[in-house]
Amino acid sequence: MSDTLKSLINHEYLSRLANNVKKAYPPFSAADFVASIMDNTWDGLELKQRMRQITLNLGKFLPQDYPEALQVIDATLNQYNADGGWAEFGVMSFPDFVEVYGQDEQHWDLSMAALARYTPYASAEFAVRPFIINHEERMMAQMMAWAKDENEHIRRLASEGCRPALPWAQALPKFKKDPTPVLPILEQLKDDPSEYVRRSVANNLNDISKTHPDLVAEIAGRWHGTSPQTDWLVKHACRTLLKRRHTAVMAVFGFSDADAVNASGFALSSKTVKIGESIEFYFNIHTKKDTKVRLEYTIGFVKANGKQSPKIFQISEIAMKKDQRKPYAKTHSFRDLSTRKHYAGIHSITLIVNGAERGTLEFDLTV
């Protein structure tokens with residue numbers, strides 16, 4: 001994904017950004033700005049590195065006085081629509097400008113106000129993280145204030161910015177070790193009217209679940225059942241724990257009774273499948289009483305070193321009545337993807353019903 005995104009930051013795009021800055025600040029040298037960005041290192045830079053390259057050159061060509069530079073950025077942003085998305089990548093460098101040039105104590109209030117202004121245009125979730133690391137208590141108080149803001153983009157920033165393991169972002173190791181400072185913000189936002197915000201809360205909790213599973217299980221138990229919106233949030237937050245078959249989380253969603261479901265007829269369509277083709281497997285389930293059923297399977301993929309590495313896939317979740325029977329046929333593709341390369345060798349497939357393994361079959365994946 002990042003390769004696709006970074007390819008959009010090309011000469012045409014940077015020229016458009018430079019011209020917009022020049023409209024806001026006539027002394028700005030648009031051509032020199034673009035040339036300085038696209039130097040001999042440009043082609044080898046990844047997405048975040050390209051964003052920082054833009055930021056550093058903004059620092060060279062904007063006024064050296066930080067408050068004056070923010071005034072130019074504000075005037076430039078007036079030429080864009082606030083959408084909170086990734087539509088304009090150059091705009092992503094404006095929160096980054098605050099991160100790089102606005103951390104001096106004397107600029108704290110200016111920088112906080114700027115991050116709040118800029119995040120509806122391009123999320124400041126990356127830019128806030130050095131402020132958290134360097135001034136945790138003060139910054140988390142600011143994040144709580146943002147969690148109560150009228151603007152959904154600013155409220156989302158409060159949650160997204162303090163995710164312990166935000167993708168592409170600087171990690172927050174203290175919050176990985178102890179996420180306690182994050183929890184009041186998530187409590188504040190768990191019933192937020194915006195799905196955009198609630199999804200961020202779920203993703204934050206999912207991050208926390210990877211290091212503190214029992215804590216997230218306890219939170220899930222408290223939050224689940226309060227509203228359909230919060231139930232969705234809790235389910236999304238617990239997706240990793242459900243895959244790991246965490247006992248308490250399975251119980252929260254009603255999938256704890258594995259003995260209430262019989263599985264039979266587990267079979268493969270073939271004992272051999274070629275890379276690029278698919279295999280089908282079959283099974284039947286039969287319930288002994290009214291229950292909820294979560295069906296998954298694990299593929300033991302052969303890696304380049306010849307060893308198996310398991311990956312779990314969901315089949316379905318369903319509520320079933322006593323003595324109900326249901327047949328299943330599921331197809332799994334072994335076509336190579338950008339995220340997965342297949343290797344020949346003996347693979348395995350394991351059927352999982354409400355967290356309990358119900359049989360393993362082997363097959364040969366060939367070239």
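# Paired strands and a helix crossing

Visitor: Which residue takes a positive phi in the hairpin of β4 and β5?

Guide: Gly 306 does, with phi near 90 degrees. That hairpin has five residues between its strands. This is a predicted model: local features need pLDDT of at least 70, side-chain atom pairs count only at pLDDT 80 or more, and totals for chains, interfaces and linings use all residues. Residues are numbered from 1 along each chain as its sequence is written, and side-chain values use heavy atoms, with hydrogens and water left out.

Visitor: What makes β4 and β5 a pair?

Guide: Two strands pair if DSSP finds at least two bridges between them. β4 and β5 (residues 308–320) have twelve, in the antiparallel sense, so they pair. Lys 292 stands opposite Ala 319 in β5. Strands are DSSP E runs of at least two residues; helices are H or I runs of at least four; both are numbered from the N terminus.

Visitor: How do you know that β4 pairs with β7?

Guide: Six bridges join β4 to β7 (residues 345–353), again antiparallel. Gly 300 has Ser 348 of β7 as its bridge partner.

Visitor: Why is β4 called mostly covered?

Guide: Eleven of the twelve residues in β4 (291–302) are buried. Buried means under 20% relative accessible area, with a 1.4 Å probe and protein chains only.

Visitor: What makes β1 and β6 edge strands?

Guide: The open sheet runs in the order β1-β3-β6, with antiparallel pairing. β1 (261–268) and β6 (325–333) each pair on one side only. Neighbouring strands are turned by 20 degrees on average, direction ignored. β1 and β3 (residues 278–287) share six bridges. Ala 263 is partnered by Ile 285 in β3.

Visitor: Why are α2 and α3 called oblique?

Guide: α2 (residues 11–24) and α3 (residues 30–37) pack at about 140 degrees, with axes 9 Å apart. Axes are lines fitted to C-alpha atoms over the stretch in contact, and angles run from 0 to 180 degrees between N-to-C directions. Under 35 degrees is roughly parallel, over 145 roughly antiparallel, 65 to 115 roughly perpendicular, and the rest oblique. The α2–α3 angle is in the rest, therefore oblique.

Visitor: Which residues meet where α2 packs on α3?

Guide: Among them are Leu 14, Leu 17 and Lys 22 in α2, and Phe 33, Val 34 and Ile 37 in α3. Contact means heavy atoms within 4.5 Å. The contact residues divide into seven nonpolar, three polar and one charged. Nonpolar covers Ala, Val, Leu, Ile, Met, Phe, Trp, Tyr, Cys and Pro; charged covers Asp, Glu, Lys and Arg; the others, Gly among them, are polar.

Technical notes:
Buried < 20%, exposed > 50% of the residue type's maximum accessible area, 1.4 Å probe, protein only.
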